[in-house]
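Open the model in your viewer and keep the selection panel at hand. The tour below goes stop by stop.

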Amino acid sequence: MKFSACVLSLMTAIAAFCVHAAGLDYHEHNPISASFNYTGLGGPLNWHGLDRTHNYLCAKGRYQSPINIDSSIRTAPRGVALRIPPDTAVFENLGSTIEVTLHRGYLFTPTGRYTLRQFHFHTPSEHRINEEYYPLEVHFVFKGHAGSTAVVGFLFELTESRRGYALFEDLFSQVHKIASPGTSVRTSRLMFKDLAWHLESNPVYQYPGSLTTPPCTEGVAWFISAKPLPLSVKMYNAVKHVLKFNARYTQSALGEKNLLAVAAAELDETMPDFESVRAKPNHGERSIKKSFGPWIIAKSDHMLAMVSERRAAIAQPNPDPSGLQAREVPTSELSQFKFWVQYAAAAYCESNYVGQAGTKLACWANNCPEVESAEATIVYDFSNTTTTDTSGFVALDKTNKAIILSFRGSYSVRNWISDVEFPLIDPGLCDSCLAEFGFWSSWEVVREPISAVIKESLSTYPDYELIVVGHSLGAAVATLAATDLRSKGHLSTALYAFAAPRVANRPLAAHITAQGNNYRFTHTDDPVPKLPLLSMGYVHVSPEYYITSPNNVTVSTEDIKVLEGDVNFEGNTGTGLPSLDAFSAHHWYFEEADGCIGPGLPFR
C-alpha cells in the first residue's frame, strides 16, 4: 500500500493521502518515496532513507506491518463482513504491485463501516501465521470516517487438485496482459460472494498496524483471515511471473522498538562516516539528516567529529561574514534578561502549567522571585495531556504590562539527546523554510487555543507587550511559536530563548533572524544548543547571547558576548561536540532555570 504523508506533529498526528487506498497518483505527491522498490537501496531497509521526512515511521514506528501472527494477536469479534457487489474494474500494473481499483463495496466492523478503494497483491505473503509464510497475499484497502484506513488480508495456499476461487482465477487469467508496469486492462464482471462467505465463516485476526509500503503510516486497522484461500499452481505461476518479489520483511512485535532503529543503535556503537554527512552548498534539502546516536557523547571521537562540524560550517558560510564580531550588552538589557528567564523557570513548576485561570504564578524552587512579586496571573494553561508533551502557560503581568507565553522544557532531554534523529518538515512559514519535525509539531498541537487566548488578551490590553519564553526544548518550541505569531500579525513579539537547540534550516533561520526581537542565550559548553548538528542541515537563529561565567555566579555585562551569524565558533558551538559530561551548564541561565523539576527525574 502506498500513501503520501503530510506530517503534522511529533511524532504525533500524521495526515496521509492514500495512494492505493484513495486511488490517487502517488507520484504527484511524493516523487522521492514513489521510487521505492524491494531491492537494494530502494528496498525496505532503506525506505526511510529515500525520504526521511515522509518515511520516518518506516524506521522508527513501533506498530509496523506486516507481522508474524501468533497467540498474542486476538481474533476479531463476530460482525466483520464484506459486501462488494459484482462489477467490472481496472486491473493495472503499478510496478510495485498489481492492483484492482473499485469504489463500490463496504467492510462492516463492530466499530463502523469502511468504503472499498482497491485491492492489490504481494508475493510471497507479507504476513506470517505462526512463522509460516504463504506464496501470495491480497490486501483489500478501505477508507473510513475522517480518513481512517482498514485492510482485509487473505493468504493463498497452492492446490493442484482443484480450482481456486473464481474471482481470482478469472482475474489472474488476464495478468499476462499487464506484464509491463503502467499497463492496464478492464476486467470481466468480478464476483465477491464466495470471498465474503469465506471471511464470515472463518476466524479473523485483528491488530493495529501500518501501511506495508512507504510512508508506513500507522493507525491502520488490519483484519487477516485465518484460513488461506486456494489458488491453482498455474495461476500462481502466472502472477509470480509479473509480480516477481514485492513483500516487506516481517516487523517487530507490536509496540516493540523498530528493527531498523535497533540495528542503527548497534551500528552507532562504532564510529560513523562523517564524510557521508557533510553539508553541501545550498543544502537546505530534507536529505541532509542522519541519526548519530550514542557516539556524540564519546570523548575519544570529539576531535574528528568537530572537524566534520567545522567542514559543515565552511560548506555553508554565513551570508554576512562581516557581522560575526561580538558586541557588548548594556546594563538595561541585562536586567531584562534576568527577569524574563524567571518566566521560563516558572513553566517547570507544575502548579503553573496545570493551574487555574486567575491563579498567581509561583515557584517553589525560589527561582522566580520577581515574577512572584509582580501582579502576574495565569490566563491559560496547557499540560502534557497533549500527544507531544507540550506544557506551559499564558500569563498576564499587569506590573510589567506584558502577556507572556511560556513553554516548559522536557523532563526527558537526556533521552532526546541519545536518540538524535531530527527530521525536517515544511511548516509553511516561508519559501524553502524547513523546521525540526518534533518542535514544530509541539507548537502545532496547542497553536489554535493559545492563539485565540493571545488575541483576546491583546484586544483587552492593547498596550501590553507579547513575550514568548522557554528553556531547553521549551525554547525550541518558543522560537517557532514566536515566529508563527509574528507571521499572524503580532509583529513586535519578543522571543527569549534560553538553551535552545537548533530548530531550522538556513532559510528559516534567516527568516526568523530578519523578524528581529530575538534573544537566544547559550551558556559555556551546554550540549543542547549544539544539536541538531550542523552536518544535519541545521543552523541557529542570530544573534547568540553567549554567557561565559560558570554556574551559580551572578552574571554581569562582561560575562555575555553577543555574537552574530547563524554559525559562530566564538560561542557555544566552538566549545566542542555535545557531551553529557557538560550538562551542568544546561541548568544555569542567570538562575537555575529548571529548578522546579526536582531531584531524580530523567532530565537531570
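Which residues of strand 18 lie on one side and which on the other, and are they buried or exposed? Select residues 402-407, which make up strand 18. On one side are Ala402, Ile404 and Ser406, and on the other are Ile403, Leu405 and Phe407; every one of these is buried, and both faces of the strand are covered.

Before going further, note that this is a predicted model. Colour the chain by pLDDT: the mean is 82, and 79% of the residues reach 70 or more. One is residues 320-324, with seven contacts beyond four places in sequence. The other is residues 599-604, for which the model has 24 such contacts.

**Neighbours of strand 18**

Within the pair, Phe393 has Ser406 as its bridge partner. Four residues lie between the strands of this hairpin, and Lys401 takes a positive phi near 50° there.

Look for Val468 in strand 21, which stands opposite Leu405.

**The nonpolar cores**

Select Phe119, Phe121, Phe140 and Phe168. These have the most contacts inside the largest nonpolar core, which has 45 residues. Helix 6, residues 233-243, gives the most to this core, with five residues. Centre the view on Phe168: beyond its neighbours within four places in sequence, Phe168 is in contact with Phe119, Phe121, Val138, Phe140, Phe156, Leu195 and Leu229. Another core, of 44 residues, lies apart from this one; Ile403, Ala478, Ile512 and Val567 are among its members.

**The disulfides**

How many disulfides does a search of the whole structure find? The search finds four. Counting bonded cysteines along the chain, their pattern is 1-2, 3-8, 4-5, 6-7. Three of them are visited here.

Start with Cys58 and Cys216, whose sulfur atoms are 2.0 Å apart. The link is right-handed, with 90° about the S-S bond. It joins distant parts of the chain, 158 residues apart: Cys58 is in helix 3 (residues 56-60), and Cys216 is in the loop between strand 13 (204-210) and strand 14 (218-225). Cys58 counts as buried because its relative accessibility is 0%, and Cys216 is also buried, at 0%.

Move to Cys349 and Cys596, with sulfur atoms 1.9 Å apart. The torsion about their S-S bond is about 60°, so this disulfide is right-handed. Here the two cysteines are 247 residues apart: Cys349 is in the loop between helix 9 (331-346) and helix 10 (350-353), and Cys596 is in the segment after strand 27 (591-592). Cys349 is buried at 0% relative accessible area, and Cys596 is buried at 5%.

Next select Cys363 and Cys368, joined at 2.0 Å from S to S. This link is right-handed, with 115° about the S-S bond, and both cysteines are buried.

**Last stop: Asn551**

Find Asn551 in the loop between strand 24 (544-547) and strand 25 (560-563). Asn551 counts as partly exposed because its relative accessibility is 25%. Leaving aside neighbours within four places in sequence, Asn551 is in contact with His523, Ser584, Ala585 and Trp588. Its side chain reaches the backbone oxygen of Ser584 at 3.0 Å. Finally, draw a C-alpha to C-alpha distance from Asn551 to Phe590: they are 39 residues apart in sequence and 8.5 Å apart in space.

How values were computed:
Residues are numbered from 1 along each chain as its sequence is written. This is a predicted model: local features need pLDDT of at least 70, side-chain atom pairs count only at pLDDT 80 or more; totals for chains, interfaces and linings use all residues. Side-chain values use heavy atoms; hydrogens and water are left out. pLDDT is the predictor's confidence in each residue, from 0 to 100. Contact means heavy atoms within 4.5 Å. A nonpolar core is a set of buried Ala, Val, Leu, Ile, Met, Phe, Trp, Tyr and Cys residues joined through side-chain atoms within 4.5 Å. Buried means under 20% relative accessible area, exposed over 50%, partly exposed in between (1.4 Å probe, protein chains only). A polar contact is a pair of N or O atoms within 3.5 Å; within protein, one must be able to donate a hydrogen and the other to accept it, and residues adjacent in sequence count only if both atoms are side-chain atoms. Two strands pair if DSSP finds at least two bridges between them. A disulfide is a pair of cysteine sulfur atoms within 2.5 Å.
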